[in-house]
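Hi,

Here is the structure I promised to pass on.

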Amino acid sequence: MQSQSNQDQIDMVDSLKSIATEGQNIDTLDIDLLDSLGVVTKINNEDQKVADAVKDILPEIAKAVDEIVIAFNNGGRLIYIGAGTSGRLGILDAVECRPTFSVSDDKVVGIIAGGQTAIQSAVEGAEDNTELGIQDLKDINLTSKDVLVGIAASGRTPYVISAMNYAKQINCSVVGVTCSPNQGVSDVADIAICAQVGPEVLTGSTRMKSGTAQKLILNTLSTASMIRIGKIYKNLMVDVSATNEKLNARAIRIVMQATECDFDTASTALINAQSNTKLAILNILTGVSIDEGAKLLEHSAGFLRKAIDTNTSV
């Protein structure tokens with residue numbers, strides 16, 4: 001007679017059959033017989049399938065962007081939550097938003113099961129802890145103004161699903177990002193984003209195609225949302241924070257690209273605008289003073305193109 005623990009293990013193994021990312025990839029069955037070029041070719045062949053899988057779900061991604069824009073415009077936040085690779089990808093996308101778009105650290109937040117330790121080391125049992133998912137959201141004071149994005153390649157991580165259920169209870173908009181259809185994350189989500197990348201090169205190694213798909217999706221969610229709230233002019237990062245020499249050089253180059261001016265003109269305008277790239281561009285393109293430019297940007301809700309058009313139409 002099977003012990004309860006053995007039966008639980010049997011049930012767990014059986015449940016993996018329904019998870020797309022746990023399937024065995026028939027195209028890589030011979031990967032252990034190949035030389036290095038053969039191995040990396042197989043991996044690259046599988047990677048090429050990822051962008052198409054993401055392309056198939058662009059309407060769902062766009063719906064999520066619309067929700068995030070609403071949240072940002074109403075003082076809300078974008079919150080990512082996940083375990084393991086999924087959690088780390090959420091944190092990566094979140095922390096890169098501040099220097100790229102000059103937003104506060106709490107505008108886009110990444111949460112991982114097991115906390116800071118789990119960024120570099122596995123924290124045993126964290127992804128199965130349903131109470132922890134809820135507590136982590138309470139710790140950041142999640143509200144109905146926010147958008148929660150639950151990330152789980154398998155679509156069934158208890159920590160993530162529990163957090164998503166709690167978010168729905170407080171009327172928070174909930175997005176699910178997964179690579180396996182018909183699992184809990186998609187069932188709970190208001191907007192289900194499922195990139196069906198198929199079985200991994202190495203069975204169950206979701207840091208590979210699934211991880212790549214998730215990174216593409218998260219980058220798109222944050223970048224598109226920032227574009228929609230006025231953080232970009234043309235395709236230039238005009239809200240970049242010049243916090244080091246490299247970023248200061250990038251800010252100067254952005255001003256030069258936006259206005260077709262020379263280095264000295266761009267550098268001087270940035271100094272006068274106290275490193276505010278938008279103001280420097282507005283000053284060069286329209287001739288308005290820095291103070292007047294700041295008022296124009298405020299009236300234009302931060303959209304540089306709108307501020308330029310408003311001034312030139314007066």
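This is a predicted model: local features need pLDDT of at least 70, side-chain atom pairs count only at pLDDT 80 or more; totals for chains, interfaces and linings use all residues.

Residues are numbered from 1 along each chain as its sequence is written, and side-chain values use heavy atoms, with hydrogens and water left out.

Let's start with the cavity. On a 1 Å grid over the protein atoms alone, a cavity is a set of points where a 1.4 Å probe fits but cannot get out, whereas a pocket is an open set with protein on both sides within 12 Å along at least five of seven lines; lining residues have an atom within 4 Å of a point. Volumes are the space filled by probe spheres set on the points, which are joined across faces, edges and corners. Searching the whole structure gives one cavity of 30 Å³ or more, and the volume of the largest cavity is about 30 Å³. Its lining consists of Leu 89, Leu 92, Asp 93, Glu 96, Lys 215, Leu 218 and Asn 219. Helix α4 gives the most to this lining, with four residues; α4 and α9 (209-228) each supply at least two. Helices here are DSSP runs (H or I, at least four residues), numbered from the N terminus.

α4 (residues 84-101) also turns up in the second largest pocket, where its three residues are the largest share of the lining. That pocket holds about 230 Å³ of space. Among its 15 lining residues, Ala 122, Val 123, Gly 125, Ala 126 and Glu 127 are the closest to its centre.

Now for the helix pairs. α9 packs with helix α2 (residues 36-55) at an angle of about 40 degrees, the axes being 9 Å apart. (Axes are lines fitted to C-alpha atoms over the stretch in contact, and angles run from 0 to 180 degrees between N-to-C directions.) Contact, meaning heavy atoms within 4.5 Å, involves Glu 46, Asp 47, Lys 49, Val 50, Ala 51 and Val 54 of α2 and Lys 209, Thr 212, Ala 213, Leu 216 and Ile 217 of α9.

In the other pair, helix α11 (residues 263-272) and helix α12 (residues 277-286) pack at about 120 degrees, with axes 8 Å apart. The residues in contact are Thr 265, Ala 266, Ala 269 and Leu 270 of α11 and Thr 277, Ala 280, Asn 283 and Ile 284 of α12.

Best wishes
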